[in-house]
Amino acid sequence: MRSYRSLFRTPEFTPYLLSFAAFAAAQTIGGLALGTLVFRATGSPFLSAVSMFGPQLAQLLGGAFLLSGADRLPPRAALTGLALAFAAGTAVLALPGLPVWAVFAVLLLQGLVASLGGGVRGGLLNEILSKDGYVLGRSVSNMLWALTQVVGFATGGALLTLLSPRTCLLLAAALFVMSALVTCLGLTARPPRSSGRPSVSATWRTNALLWSSRPRRLTYLGLWVPNGLVVGGDSLYVSYAPGAAGTLYACGALGMFAGDMAVGRLVPPALRPRLATPLRLLLAVPYLFFVLRPGVALSAVAVTVASVGFAASLVLQERLMSLTPDDLAGQALGLHATGMAAMQGVGAVLAGTLAQLTSPATAMTLMAAGSVTVTLTLATLGRHEERQPAVPGTRPGARPEPAATDQ
């Protein structure tokens, strides 16, 4: 599957995208509104950054205890319930007079619930599309996410000049409800991909199995750490340029859109594996120039160029799927999503702490330097792995381990 026409002719792909778009718009507008609300209330770059990205740390707990549900729950029901839970939580965040500790308590619960979302949604896409259509479909999904962020952050920034952050949070809650309706009405009810009930023991067993392969470990680290450090730096846009944070986020989404379109549609499959390291370096290097404290215009250019590097995730997800048995695809993608979200939360906490001690510009530069260092280290380890002899008749990391089952 190499054309958008054949992709959109696939049954259920369009409602899948519409549901995802409504969910992404709600997260974008709600996140910017909440970050602005917290910054206005506290004046703290640390709390503002953590309010936008810190809740993703909770996904680490969800990934440790709940992730087996990604393959063991009916996908339509799980995604509908996820959107409704986010709608309820976002409405609570809009309550007047809600103390800061209560805001973070709600965000913690949302993060736990969200830990299932990446695995369920990624596994469902794997079912809707054929094997040769996954990368193109995922790139379209990522492009839609980026385009929604462009529009969402631009719209959110404009709305915040006209409306209060709490009103914008209520708008985000309504968009979450819309996502739930599209999911419920537009997608077919499917059975779980794996038998057995979701459980903590099943989650731990399968996570351990996925982590037991060195090629998969390196792939997961490549997906999580460079990305998380850069996104941690991104969480400082509100404190770096309070009046233009929406513009910077929108420019980042525009760069992400361009990168996903190029890698998903234009780059030949044989060339994609070679782009993982260059794209991860591109993601971080432009942020090194923030040490010079550029103005909004130059910052926007740097952010746009750097965000093209987010397309490295497409390359690495394709590698992950080639190393993973089909019956574990949902949890494998869920582990990627929760690990990446958790690392982004760690990055936001680290960046916010550095900004509190130094300045937002210095913190963003240091986070980018850390991302470059990790990428080069993983590239060196990966070359060493490629020189190791493979077991005859197997793909590295795919077998011979048995698939985990729930007893």
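Colleague: Which helices each supply at least two residues of the lining of the second largest pocket?

Modeller: This is a predicted model, in which local features need pLDDT of at least 70, side-chain atom pairs count only at pLDDT 80 or more, and totals for chains, interfaces and linings use all residues. Residues are numbered from 1 along each chain as its sequence is written, and side-chain values use heavy atoms, without hydrogens and water. A pocket is an open set of points on a 1 Å grid over the protein atoms alone, with protein on both sides within 12 Å along at least five of seven lines, and its lining residues have an atom within 4 Å of a point. The helices (DSSP runs of H or I, at least four residues) are helix H2 (13-42), helix H9 (134-162) and helix H14 (245-266).

Colleague: Which helix gives the most to this lining?

Modeller: Of the 14 lining residues, those closest to the centre of the second largest pocket include Thr 36, Gly 157 and Pro 242. The greatest contribution to the lining, four residues, is that of H2.

Colleague: Which helix gives the largest share of the lining of the second largest cavity?

Modeller: A cavity is a set of grid points where a 1.4 Å probe fits but cannot get out. Residues lining the second largest cavity include Gly 222, Arg 280 and Leu 316. Two or more lining residues come from each of helix H12 (214-234), H15 and helix H17 (312-322). The largest share, four residues, belongs to H12.

Colleague: Is Phe 289 buried or exposed?

Modeller: Phe 289 is in the loop between helix H15 (276-284) and helix H16 (296-307). Because its relative accessibility is 53% (the class requires over 50%, with a 1.4 Å probe and protein chains only), Phe 289 counts as exposed.

Terms used: Buried < 20%, exposed > 50% of the residue type's maximum accessible area, 1.4 Å probe, protein only.
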